[in-house]
Amino acid sequence: MEAMRDYLLQHGQEHLLRVETLLSEDEKENLLSQINSIDIPKMVTKFRQSLETFEHASSAQIDVQLKPPTNVLRSVTRTSAKQLEEFRERGLLEIAEGRVGVALLAGGQGTRLGVNYPKGMYDVDLPSHKTLYQIQAERILRLQTLAERKHGKQCSIPWYIMTSGHTKEPTLQFFRKHNFFGLKPDNVIIFNQGQVPCFSFDGKIMLEAKGRIACSPDGNGGLYRALRQEGILQSMRDRRLSCVHVYCVDNILVKVADPVFIGYCLTEGADCGAKVVPKAHPEEPVGVVCEVNGKYQVVEYSEITSKTAQKRTENGELLFNAANICNHFFTVDFLERASGPLEDKLEYHVAKKKIPCAGEDGGTMKPSIPNGIKIEKFVFDVFQFSEKFRLWEVRREEDFSPVKNADGAATDTPTTAREMYYSLCQSYVEKAGGRFGTGESEAKSGVVEISPLISYDGEGLESFVKGQCFSYPVLF
């Protein structure tokens, strides 16, 4: 204990032992074990660096360095049907050969949705009551079927699900309860991201209780360290994967392992790629992909001045228009590099939060205002390491509708996601030759749900719908 006290004193963290006299021997042992598990000098240095970056960030300075990513961007709306089909075929072949994996970022709980369980278990109240996990699992199953039919060989898409300390066990139990939604259990690999200590505003590591350090998940950018530490990279190598699709759990429209996106990136020889959507309006609070000093990165909306956000091209489009939707392509070779020595070059980002903390008596207090800082890494911060980066612009209504906020919020709610899901399914039916309404009156919108097991992105519906007129609700 004395040696630990001296060690902490050197790094300004001696307060961690201030409640020593209140601890039992077991509590002391647990606290020392937790302290020893943290690289105190490194984390204190990283915290100070991230705080300096946060406090000295200058929108005006960033604006001068910004360039739109026009040279690396291609849009689905400006690509011919023939080329799209070629991309799709390339992606399906890679899937059929067993070279495509999927990594799901699922560390978050549904706190903002008003629930205390992992987001992937959330039901947005579709007629089928399928959860986000089930919808995504069924898209994987359907894609495997399409690749097998096309190329005549059985294949599988391994699904790597990154959870946090709070979500791993509930997620595992949920999948077991539902028999992994038809996927082979060996192909659903659940692993944990890391944790980092929380800090007070003056740089002190916080205690959550008298014998326990306050920690939080290290962000979705914790993926890279976790891939190596949890043995996931080795698993990918053992399965002979060439590339991985990485995405966030809360997007109800996500095209898991999208063969068109994968085919585009492979055709371009990209080692790193990202899907983007056009911004809804200049002030939309989303990060945009930009070139900064010759490197690609996501620049947060708060880091760009309003004047720059309003800039337009000669065609009237926003100049900085590539909104990030956390939907990425990586080669396994790139992940090897990003998870190695380069990982330590990723900066932590700071967020001021209300963090439960130990009071003078060692009991836990829940603050009513932000009292500390959580630090985390972002998954897209590795773009800077790419040797051949590519962007694929997609239609928001076909690819992106996150479930982040409880109903009553302005955007990204279960209701908005459900309505976009219905709208997309209706468009699939209409493209396949079906219509809605009775007689001459056409209905504009209603409840339309198509199981991903029936169709991945609208394919194969003609035999069900062509020439028919439907009344709501329509369920396949």
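**View 1. Y133, W159, I161 and F175 in the largest nonpolar core.** Of the 50 residues in this core, Y133, W159, I161 and F175 touch the most other members. Helix α6 (residues 132-151) is the top contributor, giving seven residues; helices here are DSSP runs of H or I, at least four residues long, numbered from the N terminus. A nonpolar core is a set of buried Ala, Val, Leu, Ile, Met, Phe, Trp, Tyr and Cys residues joined through side-chain atoms within 4.5 Å, and buried means under 20% relative accessible area with a 1.4 Å probe, protein chains only. This is a predicted model, in which local features need pLDDT of at least 70, side-chain atom pairs count only at pLDDT 80 or more, and totals for chains, interfaces and linings use all residues. Side-chain values use heavy atoms, without hydrogens or water, and residues are numbered from 1 along each chain as its sequence is written.

**View 2. The surroundings of I161.** Leaving aside residues up to four places away in sequence, I161 touches L104, A106, Y133, F175, V188, I189, I190 and F191; contact means heavy atoms within 4.5 Å. Another core, of 41 residues, lies apart from the largest one and includes L223, A226, C248 and F330.

**View 3. Cysteines without a partner.** With a disulfide taken as a pair of cysteine sulfur atoms within 2.5 Å, the count is zero. Take C243: the closest cysteine sulfur, in C265, is 8.4 Å from its own, so the two are too far apart for a bond. C243 is also buried, at 0% relative accessibility. C326 is in no disulfide either, and the nearest cysteine sulfur, that of C248, is 3.1 Å away. C326 is buried, with a relative accessible area of 10%.

How values were computed. Helices (H or I, at least four residues) and strands (E, at least two) are DSSP runs, numbered from the N terminus.
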